[in-house]
2 protein chains.
Amino acid sequence: MLDLAIIGGGPAGLTAGLYATRGGLKDVIMFEKGMPGGQITLSSEIENYPGVEEVKTGMELMESWPRQCMRFGLVHKMEEVSRISQNSDKSFKVHTTGGKEYDAHSVLVCTGGRPKKAGFKGEDEFFGRGVSTCATCDGFFYKGKEVVVLGGGDTALEEALYLANICTKVYLVHRRDKFRASPATVERVKRSDKIEIILDSVVEEVKGDAGGVTAVVVARRDGEEKREISVPGIFTFVGYDVNNQVLFQESGEPLCALNEFGEVIVDLNMNTSVEGLFAAGDLRINAPKQVVCAAGDGATAAIGVISYCEKVKDH
Amino acid sequence: MLDLAIIGGGPAGLTAGLYATRGGLKDVIMFEKGMPGGQITLSSEIENYPGVEEVKTGMELMESWPRQCMRFGLVHKMEEVSRISQNSDKSFKVHTTGGKEYDAHSVLVCTGGRPKKAGFKGEDEFFGRGVSTCATCDGFFYKGKEVVVLGGGDTALEEALYLANICTKVYLVHRRDKFRASPATVERVKRSDKIEIILDSVVEEVKGDAGGVTAVVVARRDGEEKREISVPGIFTFVGYDVNNQVLFQESGEPLCALNEFGEVIVDLNMNTSVEGLFAAGDLRINAPKQVVCAAGDGATAAIGVISYCEKVKDH
């Protein structure tokens with residue numbers, strides 16, 4: 001019986017593993033089918049992780065984490081988890097796609113999430129080199145420049161407003177004739193003299209060169225007009241997939257409470273609605289989706305796990 | 001009118017300043033009467049800040065933070081804040097002990113807290129060299145060794161249980177004949193075969209040498225017995241002072257809701273009960289009191305501040 005099974009090897013999972021093993025838990029496994037490090041390893045530039053002064057790639061930033069976090073006994077299993085279920089004695093069972101099962105007193109789910117692809121030409125080629133899905137992360141790199149934002153929901157409009165504080169101009173492209181965002185946010189976007197709204201339009205393509213994106217081709221959906229906007233960056237906000245699949249039971253119900261977006265509902269201690277089951281990082285509600293926040297979540301969750309394990313193992 | 005006034009220059013304040021200015025806020029002042037870095041700079045060893053692999057002193061860990069966090073326009077004022085009040089237009093006023101006043105659209109309070117001193121001989125001399133106030137931080141340094149824990153409340157007993165997972169033995173010293181902690185926690189402590197309970201007793205002195213603490217002198221309060229316990233460490237949990245003074249108004253009421261311990265009540269976004277007033281780090285409820293958690297709080301709060309400022313400045 002494991003003390004703790006950590007599902008996911010990004011900043012939250014690694015930090016939780018560090019804190020849990022350093023805090024005296026003996027059997028802690030982090031399940032991550034690939035190399036640990038998480039989604040941030042896809043990022044080409046990060047300069048806002050406090051304590052790391054140099055601008056690094058995500059891969060460089062995370063390079064030392066597995067070494068540091070596994071120093072106290074955390075074990076990494078390169079197995080993919082298919083599902084977490086709860087045993088009748090309130091412990092948990094981790095099921096892997098390879099057909100293995102592991103029992104654990106507690107489970108921390110930190111499987112993150114992933115922004116949806118918009119599907120235009122050049123999106124993958126220029127990802128991290130002008131195509132971004134995070135204004136908080138990358139907006140500053142476009143200070144004093146113009147950018148395109150793609151999307152029509154709350155996130156897209158809020159991020160457009162965020163970027164309008166930094167950039168000289170934001171072209172906000174949305175495929176429909178009205179926004180899905182809340183009326184107050186739409187009003188603020190309309191009042192901004194830095195945001196040009198382009199409705200009924202799609203991004204067909206991003207063009208670029210070795211230095212990254214140079215232009216975005218925007219087309220009206222009625223085929224009436226095509227426009228090439230010279231910008232070094234495009235931010236896409238067309239949806240977000242929460243990696244919550246491991247929580248779904250054979251009945252189709254999730255193991256713990258989720259919100260309408262599928263994010264795990266947690267309190268300030270990263271407790272979910274099920275005792276002994278914790279969540280941290282990008283898959284929880286209100287996640288700021290920043291490395292330092294996910295790491296903080298992981299530490300917080302581990303402290304709770306240690307206390308929980310003391311209680312259940314004492315019975 | 002400032003966009004944001006940050007009160008306190010520890011990991012939370014510095015990270016918030018980084019995120020706020022990098023996110024486009026123009027006028028952001030961090031009020032910290034001393035050098036930035038926070039309470040962690042008093043720590044002699046830290047090895048659990050993820051991404052910093054080497055064991056460093058707290059001072060070394062924080063050395064680069066002010067440079068990194070002030071790179072985007074954050075201004076540090078070496079002024080002491082006496083009070084924060086709210087103006088009739090819902091903006092805030094920061095009052096300094098020097099008699100100055102600053103108006104700000106939003107305020108982030110991250111003034112931290114401080115463990116109370118127990119008052120025994122050698123406490124200050126050996127602080128950070130065998131005398132600790134944080135088991136999560138320092139417990140691991142006593143793996144396989146014996147330690148003393150001083151205190152009788154929930155924190156003391158929970159930390160004693162935490163240390164019992166790591167250390168070979170924990171001497172739990174309490175001045176009264178019973179513990180103030182919750183009955184369930186007391187029961188778990190009593191059941192632990194690693195914890196020796198020493199009631200009606202006080203710590204008179206810690207003894208040590210150049211390498212740190214070597215022994216703790218424990219005396220019964222009735223004067224009947226004095227005992228020198230050979231240990232390399234003592235953890236004291238005799239209370240905690242939350243640095244919430246700046247929130248108290250001339251009426252004696254706090255500006256926002258606090259819990260029974262004086263900690264600021266926040267939600268997952270670090271909002272307090274007053275819109276535009278945020279709190280982060282050790283002075284908030286449920287604070288894990290770890291550098292990475294405080295930094296995560298700061299980033300979270302700054303993202304909320306940016307969004308708040310967009311709204312209020314738009315009116």
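Trainee: How many salt bridges are counted between domain 1 of chain A and domain 2 of chain A?

Mentor: The model is predicted: local features need pLDDT of at least 70, side-chain atom pairs count only at pLDDT 80 or more, totals for chains, interfaces and linings use all residues, and side-chain values use heavy atoms, without hydrogens and water. Residues are numbered from 1 along each chain as its sequence is written, with chains lettered from A and ligands numbered from 1 in the order in which they are written. For salt bridges (a side-chain nitrogen of Lys or Arg within 4 Å of a carboxyl oxygen of Asp or Glu), the count between these two domains is zero.

Trainee: Where do the bounds of domain 2 of chain A fall?

Mentor: The domain assignment (automatic or from a database) gives domain 1 of chain A two segments, 2–114 and 240–314. The C-alpha centres of the two domains lie 32 Å apart. Domain 2 of chain A covers 117–236.

Trainee: Which residues of domain 1 of chain A lose the most area to domain 2 of chain A?

Mentor: Six residues of domain 1 are in contact (heavy atoms within 4.5 Å) with seven residues of domain 2. The buried area (accessible area, 1.4 Å probe, that two parts lose on being put together, summed over both) is about 550 Å², 49% of it on carbon and sulfur atoms. Together giving 59% of what the domain 1 side buries, the residues are Glu45(A), Glu47(A) and Gln290(A).

Trainee: How many residue pairs are in polar contact between chain B and chain A?

Mentor: Here 53 residues of chain B are in contact with 53 residues of chain A, and about 4,900 Å² is buried, 50% of it from carbon and sulfur atoms. Within chain B, Arg22(B), Glu53(B) and Leu268(B) lose the most area to chain A, together 17% of what that side buries. A polar contact pairs N or O atoms within 3.5 Å; within protein, one must be able to donate a hydrogen and the other to accept it, and residues adjacent in sequence count only if both atoms are side-chain atoms. With both residues at pLDDT 80 or more, the count between chain B and chain A is 33.

Trainee: Which helix gives the most residues to the side of chain B that touches chain A?

Mentor: Helices here are DSSP runs (H or I, at least four residues), numbered from the N terminus. Among the elements of chain B that give two or more residues to this side are H1 (11–22), H5 (154–164) and H7 (291–313). With eleven residues, the one that gives the most is H7(B).

Trainee: Which residue of chain A forms a salt bridge with Arg188(B)?

Mentor: The count between chain B and chain A is eight salt bridges, and one of them joins Arg22(A) to Glu47(B) at 2.8 Å, N to O. For Arg188(B), the closest N and O atoms are 3.4 Å from each other across the pair with Glu310(A). This pair crosses between chains, from helix H6 of chain B to helix H7 (residues 291–314) of chain A, where the partner is Glu310(A).
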